[in-house]
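Take a look at the protein shown here. The report below walks through its parts step by step.

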Amino acid sequence: MDDQQSEIRAPPARPIPREPGSHEETAAFVRSGTVSRAPAGRRVRRAPARVLVWLLLLAVIGGAAAVIVPRLGHRPTRARFVPPVPVGVAVVKTGDMPVTLSGLGTVTPLAMVTVKTQINGQLTEVGFREGQMVKAGDFLAQIDPRPYQVALEQAEGQRAKDAALLANARTDLGRYNRLIAENSIARQTRDTQASLVAQYQATVAADQAQIDLQKLNLRYAHIIAPIGGRVGLRQVDPGNYVQTSDPNGIVVITQLTPISVVFTLPEDNLPEVLKRLHAGAHLPVVAYDRSGTEKLAEGRLETIDNQIDPTTGTVKLRAVFANADGMLFPNQFVNVRLLVDTVRGVPVVPVTAIQRGEPGTFVYVVKPGDTVAMQIVKLGPSTGETVVVSSGVRPGQQVVVDGTDRLHDGAKVTLAREGPNGGAAPRAGHHRHSAR
């Protein structure tokens, strides 16, 4: 009875459906009131089968991709958009171009004097201030004149003495001449007296020379400026004993107005300059500061040296400047620009438009349709900001002056116009796009 109660009858078992693609049966049976599943060993063998199915599926997908992707690479696509390059342009103009030669120069005074004493003595007075502008004849210094005044008085006394002896000798000579006429004395006595008179005459002349020398020393004791110019620093103070052998002198005077600049040019430029000088032209010269930006003075070419320096292949030239404002100072380093000639009515472009590369020297010329073309050019004289184009462009054409680093022959560009303040502003109506 207990056995019958413990055994519960279950309804008939329904088969469990198989997994799709599985090669293993899975079933559950209900026997004698219990549910029975397939053994564990049979369920483990399903895992390798599933891995194999997935590997086959991946292989099919990879093969399809290998066939489809290359075909997609050959499918035509739309052209990539390339925007125009914004550039600044300038118009080729017709103008006059000065032909200038540049050189390095040094400001050189036309006259510079070291004022020295010409007599020995004590410096008693200095009549100038350091840095003062003086004129020729202005008082500079005074040396004690008393020793030379005493020497002058001695020379005058000696001349008076010798003049008295000369007068006595001449009187005796007159007597001897009368006695010779009467044949009262020997002729030799008269001749000896005549020789003595000549000796006294020479002595008196020497005495006069000593007087003149002492007067000159007195003038030298009063030192004056030999030239006009700027006085330098004082080399000796009052109270010192100065001598003619002193190397530094008392002061140095440098002429500043006018003043000159000595500069050099290559010997290859010499024929052009000589041709203009021989034609009687007065060639202007402009002096700039060390950086070459600030103009200091304007002058003219004065002369050319008489030989070329063989070590440097250059020749020296001297230009003279009025220097009324004193902007040029002795030994100052300057940049010199010599105007040799002026070329008139030639095409001129900004220097920024000139490009240099493998083709040579060229510019980018703007063509109709806002494209650029590379144009080989031949250059002429230049001022540093503009340059003459001897061939390659025509007046009225537009050349690119800004944005050339991204250009190539045939590139599309967006032009710019000159704004109200001189800058580049976008030009309306030229923002078109193209695709290559």
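## Buried or exposed

A residue counts as buried when its relative accessible area is under 20%, as exposed when that area is over 50%, and as partly exposed in between. Asn323 has a relative accessibility of 4%, so Asn323 counts as buried. Keep this cut-off in mind for the sections that follow.

## The model as a whole

This is a predicted model. The protein has 436 residues, and 30% of them count as buried. Its secondary structure comes to six helices and 29 strands. The protein exposes about 28100 Å². Carbon and sulfur atoms supply 53% of that area.

Take the contacts with a separation of 6 or more: residues 24 or more positions apart account for 72% of them.

The mean pLDDT of the protein is 84. A value of 70 or more is reached by 80% of the residues. Over residues 13-45, pLDDT stays under 50. The model has 29 contacts beyond four places in sequence for residues 13-45. Over residues 418-436, pLDDT also stays under 50, and there the model has 32 such contacts. Where pLDDT is low, the predicted coordinates should not be read in detail.

The largest nonpolar core has 25 residues. Those with the most contacts inside it are Val273, Leu301, Leu317, Phe321, Leu328 and Leu338. Which elements each supply at least two residues of this core? They are helix H6 (270-278) and strands S6 (93-109), S15, S16 (284-288), S17 (295-309), S18 (314-321) and S19 (333-350).

Leu301 shows how the parts meet. Leaving aside neighbours within four places in sequence, Leu301 is in contact with Phe263, Val273, Leu277, Leu283, Val285, Leu317, Arg318, Ala319 and Leu338. A second, separate core has 20 residues. Among them are Tyr148, Ile223, Val231 and Ile250.

## Ser260, a buried polar residue

Ser260 is found in strand S15, which covers residues 259-266. Is Ser260 buried or exposed? Its relative accessible area is 0%, so Ser260 is buried.

What does the side chain of Ser260 meet? A polar atom of this side chain lies 2.6 Å from the backbone oxygen of Thr108. The side chains of Ser260 and Arg318 are joined by a polar contact of 2.7 Å. Beyond its neighbours within four places in sequence, Ser260 is in contact with Thr106, Val107, Thr108, Pro109, Leu110, Arg318, Ala319 and Val320.

## Salt bridges

How many salt bridges does a search of the whole structure find? The search finds seven. Side chains of opposite charge can pair when their charged atoms come close.

Consider three of these pairs. The side chains of Asp191 and Arg190 meet at 3.1 Å, N to O. Asp191 is partly exposed, with a relative accessible area of 39%, whereas Arg190 is buried, at 19%. Asp237 pairs with Arg234, and their closest N and O atoms are 3.0 Å apart. Asp237 is partly exposed at 40% relative accessibility. Arg234 is partly exposed too, with a relative accessible area of 32%. Arg300 forms a salt bridge with Glu302, with 3.4 Å between the closest N and O atoms. Arg300 is partly exposed at 42%, and Glu302 is partly exposed at 42%.

## Backbone exceptions

Most residues other than glycine have a negative phi, and most peptide bonds are trans. Some places in this model depart from that. Thr257 and Pro258 are joined by a cis peptide bond, with omega about -5°. Pro258 sits in the loop between strand S14 (251-254) and S15.

Asn323 is not a glycine, yet its phi is positive, near 55°. Asn323 lies in the loop between S18 and S19. Asp370 also has a positive phi, near 60°. The place of Asp370 is the loop between strand S21 (360-367) and strand S22 (371-376). With a relative accessibility of 6%, Asp370 counts as buried.

Conventions. Residues are numbered from 1 along each chain as its sequence is written. Side-chain values use heavy atoms; hydrogens and water are left out. Helices (H or I, at least four residues) and strands (E, at least two) are DSSP runs, numbered from the N terminus. Buried means under 20% relative accessible area, exposed over 50%, partly exposed in between (1.4 Å probe, protein chains only). A polar contact is a pair of N or O atoms within 3.5 Å; within protein, one must be able to donate a hydrogen and the other to accept it, and residues adjacent in sequence count only if both atoms are side-chain atoms. Contact means heavy atoms within 4.5 Å. Accessible areas come from the Shrake-Rupley method with a 1.4 Å probe; for residues, only the protein chains shown count as cover. A nonpolar core is a set of buried Ala, Val, Leu, Ile, Met, Phe, Trp, Tyr and Cys residues joined through side-chain atoms within 4.5 Å. pLDDT is the predictor's confidence in each residue, from 0 to 100. A salt bridge is a side-chain nitrogen of Lys or Arg within 4 Å of a carboxyl oxygen of Asp or Glu.
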